[in-house]
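Colleague: Hi! Could you walk me through this model and its ligand?
Modeller: Happy to, let's open it together.
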Amino acid sequence: MAVIGIIGGSGLDNPDIIKNAKDSIVSNKWGKPSSPVKSGTISGTEVHIIGRHGREHTIPPTYVNNRANIQTLKDLGCDYILATTAVGSLREEIDRGHLVIIDQFIDFTRKRDTTFFESFEPHAPAHTPMAEPFDSFLREKMIKSCQDLGITVHDKGTVVTIEGPRFSTRAESHMYRAWGADIINMSTAPEAILANEAGVPYAAVAMSTDYDCWKTDEDPVTWDDILKIFQENAQKVTSMLIKTIEKLG
Ligand code: ADE
């Protein structure tokens with residue numbers, strides 16, 4: 001039976017979706033994960049959840065210990081990692097409240113630890129392929145779950161992950177659009193890279209919460225806007241995660 005790891009993003013810092021939940025405080029060679037691990041079951045399947053920014057949302061994107069988070073889920077025997085993330089939309093057709101099952105990233109972070117390989121074994125360099133960083137089997141299950149539930153979903157999308165915590169300038173926002181990015185956030189690329197290095201299949205569901213600042217017919221994004229939209233639509237993300245876990249279990 002599959003064991004599932006979940007990394008909950010903004011708005012899902014402490015999700016209340018598992019039965020018989022038990023918290024454990026753990027650490028590994030990379031340090032402490034962002035939050036205690038909440039472990040239990042969903043529809044009979046073993047699930048372990050970490051809040052990416054901590055239970056009280058105290059950890060800025062730059063300081064999320066992605067290595068400890070991924071290592072923790074791997075050490076708990078997770079066969080799959082499902083992540084959630086709030087994103088800004090860089091495309092008119094990706095409206096607020098829509099979900100996107102990400103298939104590509106552009107890593108525009110600058111200050112993250114994005115490898116487990118601080119040294120190589122002699123004559124054994126580790127250069128992890130990254131052409132398709134999101135697991136296609138998991139993505140398929142996520143897309144199908146959205147369709148089953150009647151949730152508006154975009155079945156692919158390129159996310160550009162920026163360093164943050166500031167939002168983008170208008171010039172940057174236009175540049176990311178010109179590069180072909182569809183959505184923008186501050187978390188996915190480093191996490192996906194490390195999950196791939198760790199060899200744990202990983203997929204992320206993005207909730208579009210705003211139009212960043214490229215659209216001139218509305219005000220630029222604020223954090224309050226993001227949280228409001230995410231909270232109004234959080235049920236979509238949790239019900240699709242539960243459905244996906246039922247399919248995987
Ligand atoms: N997360 C949600 N909306 C965002 C935006 N516009 N820029 C960066 N990260 C985000």
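Colleague: How many Å is a nitrogen atom of the ligand from an N or O atom in the side chain of Asp212?
Modeller: Keep in mind that this is a predicted model. In it, the distance between a ligand nitrogen and a side-chain N or O atom of Asp212 is 2.8 Å.
Colleague: And what about the side chain of Asp210?
Modeller: There, an N or O atom of the Asp210 side chain is 2.7 Å from a nitrogen atom of the ligand.
Colleague: Which backbone atom of Ala86 lies 3.3 Å from a ligand nitrogen?
Modeller: For Ala86 it is a backbone N or O atom that lies at 3.3 Å from a nitrogen atom of the ligand.
Colleague: How much of the ligand's accessible area does the protein cover?
Modeller: The ligand has 260 Å² of accessible area on its own, and the protein covers 95% of that.
Colleague: What kind of space does the ligand take?
Modeller: The ligand takes up the space of the largest pocket.
Colleague: Which elements give two or more residues to the shell around it?
Modeller: Those are strand S5 (80-89), strand S10 (183-185) and strand S11 (202-210). S5 gives the most, with three residues.
Colleague: Which residues are in that shell, and how do they split by class?
Modeller: Among them are Ala86, Val87, Gly88, Phe167, Met186 and Ile226. By class, the shell has seven nonpolar, three polar and two charged residues.
Colleague: Changing topic, what does UniProt list for "binding site"?
Modeller: An unreviewed UniProt entry lists Ser10, Arg52, His53, Thr85, Ala86 and Ser187 under that name. They are spread over 178 residues of sequence, yet they cluster in space, with a largest C-alpha distance of 12.2 Å.
Colleague: Which of these residues are in the lining of the largest cavity?
Modeller: That lining includes Arg52, His53 and Ser187.
Colleague: Where is Arg52 found?
Modeller: Arg52 is in the loop between strand S4 (45-51) and helix H1 (66-75). His57 has its place in the loop between S4 and H1 too.
Colleague: Is the peptide bond from Gly164 to Pro165 cis or trans?
Modeller: The bond from Gly164 to Pro165 is cis, with omega near -5°. Pro165 lies in the loop between strand S9 (158-162) and helix H3 (170-179).
Colleague: Last one: which residues does UniProt list for the domain?
Modeller: The unreviewed entry lists residues 4-244 for "domain: Nucleoside phosphorylase". Over residues 4-244 the chain is 28% helix and 25% strand, and the end C-alpha atoms are 10 Å apart.

Conventions
Residues numbered from 1 in each chain as written. Predicted model: local features only at pLDDT ≥ 70, side-chain atom pairs only at ≥ 80, totals over all residues. Heavy atoms only, no water. Near = heavy atom within 4 Å. Polar contact = N/O pair within 3.5 Å; in protein donor to acceptor, adjacent residues only side chain to side chain. Areas by Shrake-Rupley, 256 points an atom, 1.4 Å probe, with all protein chains shown as cover. 1 Å grid on protein atoms, 1.4 Å probe; cavity = no way out; pocket = protein on both sides within 12 Å on 5 of 7 lines; lining within 4 Å. Sits in = over half its atoms within 2 Å of the grid points. Helix = DSSP H or I, 4+ residues; strand = E, 2+ residues; numbered from the N terminus. Nonpolar A, V, L, I, M, F, W, Y, C, P; charged D, E, K, R; others polar. UniProt positions renumbered as here; feature names shortened; annotations may be inferred.
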